[in-house]
Amino acid sequence: MKLRIFPGHGLAGVCKVPGDKSISHRAALLGAIAHGSTDIVNFLQGADCRSTLGCLKALGVKIKESTEAVRVVGKGLGGLTEPLTVLDAGNSGTTIRLLLGILAGHDFFTVITGDDSLRRRPMARVIKPLKEMGAQIWGRANDSKAPLAVKGTSELTSITYTLPVASAQVKSAILLAGLYAQGTTQVTQPVPCRDHTERMLQAFGADVEVDGMTVRIKGGKDLHAQKVMVPGDISAASFLLVAGSVVPGSDILIRDVGINPTRTGILEVLDMMGAKIDVYNERTWNGEPVADLHVQPAGLKGIRIGGELIPRVIDEIPVIAVAASVAEGTTEISDAAELRVKETDRLKAITCELQKMGVAIEEKPDGLVIRGTGRIEKATVDSWGDHRMAMALAIAGLVASGETIINDTACIDVSFPDFQETLRGLGANLENWSDDETI
Ligand code: S3P
């Protein structure tokens, strides 16, 4: 699939973004090990969250989908059953890493794998603590890459663990395994990273305590099914926030977006750059803050980003690079080496593709330097099979000097299946092309 984008007039209107990816995964996973049926409203129907549902079905969980909700019929804490076949996490790091935490507490054998990208991503960071807790896990590349084989145990030991990298997926896997361990499991993060697992575990009745950078969970406490309303994904909204900031004449209102403070780095970054974004109608859904976001164009300027802010904008760096290309002055991003182990090496990928669009962007070992000129040239670019790359490049295309073609855009379905339709609804001019059609 290819996407063809024509720059044009401003994007205007009221829209929504799909359900939050991180929260959708967690609602399905906790629902599966709770007592009772969990109804998930606004569940993200992207490929990543469908991978989680597929794995849970293979582990004996009944899932009923209707137009209103996804219903997950819980099996209780240790109630999953040995799968008959290999589990497929697709492109989803969250699926494989969080599920490993749950499988660690189940006394059966599982093999789990994923697509080419997922099989290249580091798994030792999650395998190490889970092995310390008593699970047996084997994998390719000296037990560090998928496919992984897991043999859990119903008698895990609690651990006290300091995360070497700020990763919400690793933190979550340990907390989930902590549900099955005797005593209290304690995880300390170097800087705050997304806390949806902690919040949702509390909502489901787990014994979780947050104490600064440390999270503690007591094992053995049953979870109780909930109705979960999934807020709109701020990572999906970030593409529209940048589009609304850089395309002249725009005026976009995005309703019901999750504004959990561990995720709102994009609002801080755009604010520092001089963007005009207003936050209205703040409320809480299942312990998660939600608001409506209104964006209008503004002249952006270059800034420096690094340190504690990075984990809170970890998925937004590609689209921030696009904003920086349009901004006046230099933007420097540092402390972001984690981007090299995402769906693709995002530092390398965004540098390579924005250079094709004439942007003065330079790759650093842990970041990027972008000298904004306000000008983006039309070009044919590649997504590297990475959904966030594809969408960031589409936003660049909206302000390019002419028609932009993006190759390999089927991956957008991973997190924002209605991306093209949403942009079109706001007035953008874009077309999908299948690979066998000639342009
Ligand atoms: C996620 C955590 C982040 C993020 C990913 C989703 C989660 O990954 O990049 O898209 O749902 O916990 P890391 O934990 O590897 O930083």
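Visitor: Hi! Which polar backbone atom is 3.0 Å from an oxygen atom of the ligand?
Guide: That is a polar backbone atom of alanine 168. A polar contact is a pair of N or O atoms within 3.5 Å; within protein, one must be able to donate a hydrogen and the other to accept it, and residues adjacent in sequence count only if both atoms are side-chain atoms.

Visitor: Before we go on, what sort of model is this?
Guide: The model is predicted: local features need pLDDT of at least 70 and side-chain atom pairs count only at pLDDT 80 or more, while totals for chains, interfaces and linings use all residues. Residues are numbered from 1 along each chain as its sequence is written, and side-chain values use heavy atoms, with hydrogens and water left out.

Visitor: Thanks. Which residues are around the ligand?
Guide: Among them are Lys21, Ser22, Arg26, Thr94, Arg97, Ala168, Asp315 and Lys342. Being near here means that a heavy atom of the residue lies within 4 Å of the molecule.

Visitor: How far from an oxygen atom of the ligand is the polar side-chain atom of arginine 26?
Guide: The distance is 2.6 Å for arginine 26. Aspartate 315 also has a polar side-chain atom by a ligand oxygen, at 2.7 Å.

Visitor: New topic. Where is arginine 121?
Guide: Arginine 121 sits in the loop between helix 4 (116-120) and helix 5 (124-132). Helices (H or I, at least four residues) and strands (E, at least two) are DSSP runs, numbered from the N terminus.

Visitor: Is arginine 121 buried or exposed?
Guide: Arginine 121 counts as buried because its relative accessibility is 5%. Buried means under 20% relative accessible area, exposed over 50%, and partly exposed in between (1.4 Å probe, protein chains only).

Visitor: What does the side chain of arginine 121 reach?
Guide: It reaches the backbone oxygen of valine 341, at 3.0 Å. Leaving aside neighbours within four places in sequence, the contacts of arginine 121 include Asn91, Arg97, Lys342 and Glu343. Contact means heavy atoms within 4.5 Å.

Visitor: And the nonpolar core: which residues touch the most other members?
Guide: In the largest nonpolar core, which has 77 residues, those are Leu354 and Ile395. A second, separate core of 68 residues includes Leu30 and Leu156. A nonpolar core is a set of buried Ala, Val, Leu, Ile, Met, Phe, Trp, Tyr and Cys residues joined through side-chain atoms within 4.5 Å.

Visitor: How about sheets? In what order do the four strands of the open sheet come?
Guide: The order is 2-19-21-20, with mixed pairing. Strand 2 (12-16) and strand 20 (276-285) are the edge strands, each pairing on one side only. Two strands pair if DSSP finds at least two bridges between them.

Visitor: In which sense do strand 20 and strand 21 pair?
Guide: They pair in the antiparallel sense, over eight bridges.

Visitor: What is phi of aspartate 256 near?
Guide: Near 60°, a positive value in a residue other than glycine. Aspartate 256 lies in strand 19 (residues 251-258) and is buried, with a relative accessible area of 14%. Aspartate 335 has a phi near 60° too, but counts as partly exposed at 47% relative accessibility.
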